[in-house]
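Please keep the sequence and the model in view while reading.

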There are 2 protein chains.
Amino acid sequence: MARNKHPEETVNLILDVSYRLFMKKGYEHTSIQDIISHLGGLSKGAIYHHFKSKEEILMAVSDRMTEESNQLLVRIRDCKGMTGREKLKAIFKESINRPVQDEIFTAAPNFHNNPKLLASLLNDTIKEVPPVYITPIIEQGIADGSIQTDYPEQLAELIILVANIWMNPMVFEDTREHAYGKFQVFRQMMQGLGLDIVDEEMLERLQELTSIYQEKK
Amino acid sequence: MARNKHPEETVNLILDVSYRLFMKKGYEHTSIQDIISHLGGLSKGAIYHHFKSKEEILMAVSDRMTEESNQLLVRIRDCKGMTGREKLKAIFKESINRPVQDEIFTAAPNFHNNPKLLASLLNDTIKEVPPVYITPIIEQGIADGSIQTDYPEQLAELIILVANIWMNPMVFEDTREHAYGKFQVFRQMMQGLGLDIVDEEMLERLQELTSIYQEKK
């Protein structure tokens with residue numbers, strides 16, 4: 001394809017191609033040259049104009065992946081007329097119900113073969129999502145009486161670590177039965193922490209996503 | 001130093017030197033040549049005789065690190081005259097009380113700069129420790145009535161993920177106050193799951209280990 005005159009489209013093109021290659025071959029086994037080869041007429045210089053290194057491309061890919069999901073989190077966090085507890089439930093429900101989840105689970109990265117992606121996911125999961133989105137919701141829940149805890153920051157981290165890493169079929173390749181047991185234990189953990197927000201519908205959707213991922217492998 | 005006539009001593013020497021370099025410079029920034037330079041008279045051929053790649057050295061370093069800790073887990077798992085619940089408590093207590101923990105925490109690897117080490121830790125943490133050591137103890141607890149769960153495998157994974165990854169100051173660099181909140185939330189999580197096994201003494205020791213790590217950084 002011809003070189004694009006619009007820099008933001010060039011960037012998106014680089015990210016689309018890089019994302020597919022990282023997922024297919026693994027970040028470590030994808031070279032800048034591989035990315036160039038899949039970009040048609042785009043030169044090495046054009047890539048380096050936008051990204052200094054492969055690692056910078058990875059970070060941009062990763063940022064773009066989380067951007068859409070973060071928009072959902074912002075909308076719920078800043079919504080009026082819901083208690084903190086209702087917001088927490090809404091976040092789980094809407095996160096797993098987004099149609100784009102099917103697509104992400106079909107693209108099926110395997111984080112086992114991508115230590116850098118995994119480290120980046122783990123870091124973002126703990127350092128970004130909880131403080132920016134979940135802690136404020138838990139603090140609202142403490143204020144409105146719908147959530148009880150003395151440690152909102154840490155509770156936010158624990159919930160997100162368990163939901164986004166442990167229950168993520170892209171990180172741990174579980175059988176359908178094993179995944180179901182995880183969802184049940186997560187539900188019990190949440191109940192034990194006074195957060196009875198995981199319902200049957202969510203458990204069924206989680207099962208569905210796990211199946212989509214496993215079938216596409 | 002002169003080349004060692006005993007292969008197992010040569011291997012241990014390579015692992016000692018590699019461990020220190022990985023911790024100091026990061027796995028990615030340590031070359032086989034760096035390792036050779038710190039081995040005195042040992043030749044490149046002597047290293048390759050034992051390890052095919054840097055990654056093989058990493059795996060051996062990692063295995064050796066967990067070996068001692070696994071001996072403790074075996075001893076408690078196979079001990080007679082304790083309930084499953086008592087064994088679970090003993091594992092936490094003894095794991096954090098081992099004097100070697102001070103040394104490990106002083107060596108202070110930062111997993112953030114070592115994605116491969118982090119991925120390996122995460123994998124071992126979930127794929128090895130729970131099925132081999134923790135699940136059998138929980139199953140014993142179900143049988144003797146001291147633990148209630150329908151999902152022993154998943155409960156084992158959750159506990160180990162939270163204790164060994166989330167609460168590990170080498171993975172997440174927390175302030176002392178933040179770490180304390182994590183320990184409290186862990187305690188609540190365990191209580192909520194019917195496992196009231198974390199006591200004040202353990203919380204104090206966890207605080208101590210966090211301080212040792214932070215002071216040596």
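Helix α7 of chain B (residues 115-127) has 13 residues, which at 1.5 Å a residue should span 18 Å, and the distance of 18 Å between its end C-alpha atoms agrees with this; the expected span is 1.5 Å times one less than the number of residues, and helices are DSSP runs of H or I with at least four residues, numbered from the N terminus. This is a predicted model, in which local features need pLDDT of at least 70 and side-chain atom pairs count only at pLDDT 80 or more, while totals for chains, interfaces and linings use all residues. Residues are numbered from 1 along each chain as its sequence is written, and chains are lettered from A and ligands numbered from 1 in the order in which they are written.

Among the buried residues of α7(B) are Pro115(B), Leu118(B), Leu122(B) and Ile126(B), where buried requires 20 or more other C-beta atoms within 10 Å of the residue's own, C-beta atoms being placed from the backbone. The buried residues of α7(B) pack against α7 of chain A together with α1, α4, α8 and α9 of chain B.

Between the chains, 27 residues of chain A are in contact with 27 residues of chain B, a contact being a pair of C-beta atoms, placed from the backbone, within 7 Å. On the side of chain A that touches chain B, α7, α9 and α10 of chain A each supply at least two residues.

Within chain B, Ile134(B) and Ile138(B) are among the residues of α8(B) that meet α9(B), whose contributions include Leu155(B) and Ile159(B).

Terms used. Buried ≥ 20, exposed ≤ 12 C-beta atoms within 10 Å, placed from the backbone. Contact = placed C-beta atoms within 7 Å.
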